[in-house]
Amino acid sequence: MTKKALITGVTGQDGSYLAEFLLEKGYEVHGIKRRASLFNTGRVDHIYQDPHVDNANFKLHYGDLTDTSNLTRILREVEPDEVYNLGAQSHVAVSFEAPEYTADVDGIGTLRLLEAIRFLGLEKKTRFYQASTSELYGLVQEIPQRETTPFYPRSPYAVAKLYSYWITVNYREAYGMYACNGILFNHESPRRGETFVTRKITRGLANIAQGLEPCLYMGNIDSLRDWGHAKDYVRMQWMMLQQDAAEDFVIATGVQYSVREFIAWSAQELGVTLEFTGSGTEEIATVAAIEGDNAPALKVGDVIMRIDPRYFRPAEVETLLGDPANAKQKLGWEPEITVQEMCAEMVREDLQVAKRHALLKEHGMEVPVSVENG
Ligand code: NDP
Ligand code: GDR
């Protein structure tokens, strides 16, 4: 029997990799996409299947985590074996601007799904994965963070996700549902949204190297993160639903680096060595040396990064470092892609796009390069 999976957030970074992964495993994959005024399926267009042909095994449904009746109808229609709840307003800084919406989608949205599964009598059939987050640890109470580390959320996003974490545990305990949390540390890829820090850096520096932008404006570059590759992390999401009993797992690499280091590696991938001088809001990064021909727009001495306090958060999560020992021991999971390999891949892909845009610009055409916000 073909297994059916339903993914909320299928048009996002993780949703797109997970859909690919499950299709390769032979699943029939259903995804929920939001109605938007522009096409928003860019990350899944390559796996799109014409719904007019028979046996299409990738199907998209319009929906929203704020709409109970819509979620219930989709669940009733699909009767999935597995639900992956990846949909969220996932930007921490934006959650300070839109706290109520974030709570509705990232907190109550999870309850709506769990309750719909129960209401439809699917609680013994449908396994449920909740996209929990290292942001739950916020102001860290223990280093490294593991499954037993106390939570201390530091943003409306993290507080909403805290509700989702516990309501998932509660439905497991109260109704015997196979429901579990993956507490995932930051994971990135060339498909990462443009306003998260890694992608902002790789895209911004590629644009600067090609003369499309003058400078990268950053927030807190002392921040420390445990970064992995999204491809490794979606594999783990699936593994968590294949166990005999539901359990919550920390997924991380166990290594942390600063945002400043990520900027330096990204520049190095472009053949540019940076020198960081000054401190606090006066810190800048200057081009110290250039090798190769990826950065024709730059010369030694150019300032290509400055601090803009607009990107500081009202409450910051300064340091995150996960301990993935439990996942390694019980599930045999190991990340296969290092953060440096991931950074190189992201720069490579963003550079290709920047080169195409530079060519268009050279021929007098307008190109979109904004990295405002985030
Ligand atoms: P993205 O921001 O790339 O994707 C989020 C997805 O959720 C998009 O498909 C988005 O749709 C959808 N979405 C947003 N609002 C709604 C809504 N109201 N109803 C339905 N869908 C909605 O996030 P990631 O792929 O990076 O992350 C996936 C999940 O994992 C998220 O829940 C995130 O909070 C969590 N997480 C992510 C980590 C990471 O480092 N990437 C780490 C830990 C947890 P649209 O495309 O239309 O915007
Ligand atoms: P995060 O990711 O908040 O950890 O949440 P993000 O990449 O946005 O920030 C990481 C760190 O970098 C610092 N930073 C900046 N961040 C952004 N976006 N833009 C900047 O200019 C900038 N300068 C410095 C941030 O302050 C922060 O400390 C991500 C999301 O995917 C969540 O959904 C997920 O739950 C967590 O990772 C784990």
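Predicted model: local features only at pLDDT ≥ 70, side-chain atom pairs only at ≥ 80, totals over all residues.
The domain assignment of the protein gives two entries, domain 1 comprising residues 4-184 and domain 2 comprising the segments 197-224, 258-317 and 338-363. Taken over C-alpha atoms, the centres of domain 1 and domain 2 are separated by 32 Å. To the contact between them, domain 1 contributes seven residues and domain 2 contributes four residues. On the side of domain 1 that touches domain 2, the residues divide into three nonpolar, two polar and two charged.

An open sheet of four strands is found in the order 8-15-14-13, and its pairing is mixed. Strand 8 (216-218) and strand 13 (272-277) form the edges of this sheet, each of them pairing on one side only. On average, and with direction ignored, neighbouring strands of the sheet are turned by 25° against each other. Strand 13 runs antiparallel to strand 14 (residues 284-290), to which it is joined by six bridges; within this pair, threonine 273 stands opposite alanine 289 of strand 14.

Two helices were examined in relation to these strands. Helix 6, which spans residues 197-209, lies across strand 8, strand 13 and strand 15 (303-307), and its direction makes an angle of about 150° with strand 8. Helix 8, which spans residues 259-269, lies across strand 13, strand 14 and strand 15, running at about 150° to strand 13.

Key
Residues numbered from 1 in each chain as written. Chains lettered and ligands numbered in written order. Pairing = 2+ DSSP bridges. Axes fitted to C-alpha atoms, helices over the stretch in contact; angles between N-to-C directions. Domains from an automatic or database assignment. Nonpolar A, V, L, I, M, F, W, Y, C, P; charged D, E, K, R; others polar.
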